[in-house]
Amino acid sequence: MQQPDTQQRPYEGLDPGVVIAAVESLGLLCDGRLLALNSFENRVYRIGQETGPALVAKFYRPGRWTNAAIVEEHEFSAELAHSGLSVVAPLTIDARTLHEHAGFRFAVFPLQGGRAPELGVRENLRHLGQCLGRLHAIGARKPFANRPTLSLAEQGDAAVDFILDGEWLPPELEENFAVLADSLLDAAEQRWALAEPVAKLRLHGDCHPGNLLWRDDQAHFVDLDDCCNGPAMQDLWMLLSGTPAEQQQQLEWLLEGYRVFAEFDPMQRHLIEPLRTLRLLHYHAWIARRWHDPAFPAAFPWFGDPRHWEEVIGQMQEQLSALQEGD
């Protein structure tokens, strides 16, 4: 079979027959039921088995991670699960968690049910804080060797450069965007400096409610695809919402649970707005970098609309105000 074109159509040839053949190459017997699950970065499917529960097969985006980086993600998941955290880790089959079929790398996971947690509830946030405290206590044992470290340069400067170099904005908005982005990153750097020295540890990396499943009053962590080295706050701030006062209260509830298992440097509160800034910029660069994937123009048809970029500039202005106001 022809190898997939990782630059133009990364999942070319990954049809249902290939998906089922990949899973069955591991000695599993599929019953033909296949359901594509919501995922843009990778391709993820629920697979029925002739005997036993349904499984989830995750096909990694070609060219994104090295094998060593993916295996390191799997090892971290297993380390967390072995320590008693509810983490959906890949299954080990034939002494491996990372497999290959028809040029695609994939892993198989148990199916975990649940719903997004209800945030803003003290007991829920205390429980989530305890889980993250345990996760970070384990993550602090050693750094990742093959995965990235979150930084202003990589998630901020590189993102802005990619957007501008690709001429994604309408010409009349480019200068405004560039000047505002410089001011944003300067303000983020100044705020970040208030928290230095910032301890780096292994993180989930993308700990938003969509990557948490709530079932039987317990949180289950899924999708460590973006795990990285970085500050503890990266796994906390995305669980906050509402007004600044509401977010402050929610953070206190999270930290009530967190501090049971791990120390928290209060100076990392200064990182919330810089991290929010990085996510705003990185998100748009992520869409631009993936535009060659047919799934992205279909999912984000508004990306090239001048009105969208006007809204982005408005969000950047609001974010600059938040950075300048202080905690």
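The model is predicted: local features need pLDDT of at least 70, side-chain atom pairs count only at pLDDT 80 or more, and totals for chains, interfaces and linings use all residues. Residues are numbered from 1 along each chain as its sequence is written, and side-chain values use heavy atoms, with hydrogens and water left out.

Asn-211 sits in the loop between strand S6 (201–203) and strand S7 (212–215). Strands (E, at least two residues) and helices (H or I, at least four) are DSSP runs, numbered from the N terminus. Beyond its neighbours within four places in sequence, Asn-211 is in contact with His-204, Asp-206, His-220, Phe-221, Val-222 and Asp-223. Contact here means heavy atoms within 4.5 Å.

Asp-31 belongs to strand S1 (residues 30–36). Its relative accessible area is 25%, so Asp-31 is partly exposed. With neighbours within four places in sequence set aside, Asp-31 is in contact with Gly-48, Gln-49 and Glu-50. Between Asp-31 and Val-198 there are 167 residues of sequence separation and 50 Å of space, C-alpha to C-alpha.

Helix packing was examined next. Two packed helices are described by the angle between their axes and the distance between the axes. Axes are lines fitted to C-alpha atoms, for helices over the stretch in contact, and angles run from 0 to 180 degrees between N-to-C directions.

Helix H4 (residues 152–165) packs on H5 at an angle of about 175°, the axes being 11 Å apart. H4 and H5 are therefore roughly antiparallel (over 145 degrees; under 35 is roughly parallel, 65 to 115 roughly perpendicular and the rest oblique). From H4, the contact takes in Leu-152, Gly-156, Asp-157, Val-160, Ile-163 and Leu-164. These meet Glu-174, Phe-177, Ala-178, Ala-181, Leu-185, Ala-188, Glu-189 and Trp-192 in H5. By class, the H4 contact with H5 holds 10 nonpolar, one polar and three charged residues. Ala, Val, Leu, Ile, Met, Phe, Trp, Tyr, Cys and Pro count as nonpolar, Asp, Glu, Lys and Arg as charged, and the others, Gly among them, as polar.

Helix H5 (residues 171–193) also packs against H9. Their axes come within 10 Å and cross at roughly 25°. H5 and H9 are therefore roughly parallel. Their crossing is left-handed (the near helix is turned anticlockwise from the far one by less than a right angle; clockwise would be right-handed). The contact of H5 with H9 comprises 15 nonpolar, five polar and three charged residues.

Helix H7 (residues 272–289) meets helix H9 (residues 306–325) at an angle of about 165°, with axes 10 Å apart. H7 and H9 are therefore roughly antiparallel. The H7 and H9 crossing is left-handed. H7 contributes Glu-273, Pro-274, Arg-276, Thr-277, Leu-280, Leu-281 and His-284. H9 contributes His-308, Trp-309, Val-312, Gln-315, Met-316, Gln-319, Ala-322 and Leu-323. This contact of H7 with H9 has eight nonpolar, five polar and two charged residues.

The disulfide count (a pair of cysteine sulfur atoms within 2.5 Å) comes to zero. For Cys-131, the nearest cysteine sulfur is that of Cys-207, 9.4 Å away. Cys-131 counts as buried, at 7% relative accessibility. For Cys-227, the nearest is that of Cys-228, 7.3 Å away. Cys-227 is likewise in no disulfide and, at 0% relative accessibility, counts as buried.

Note on methods
Buried means under 20% relative accessible area, exposed over 50%, partly exposed in between (1.4 Å probe, protein chains only).
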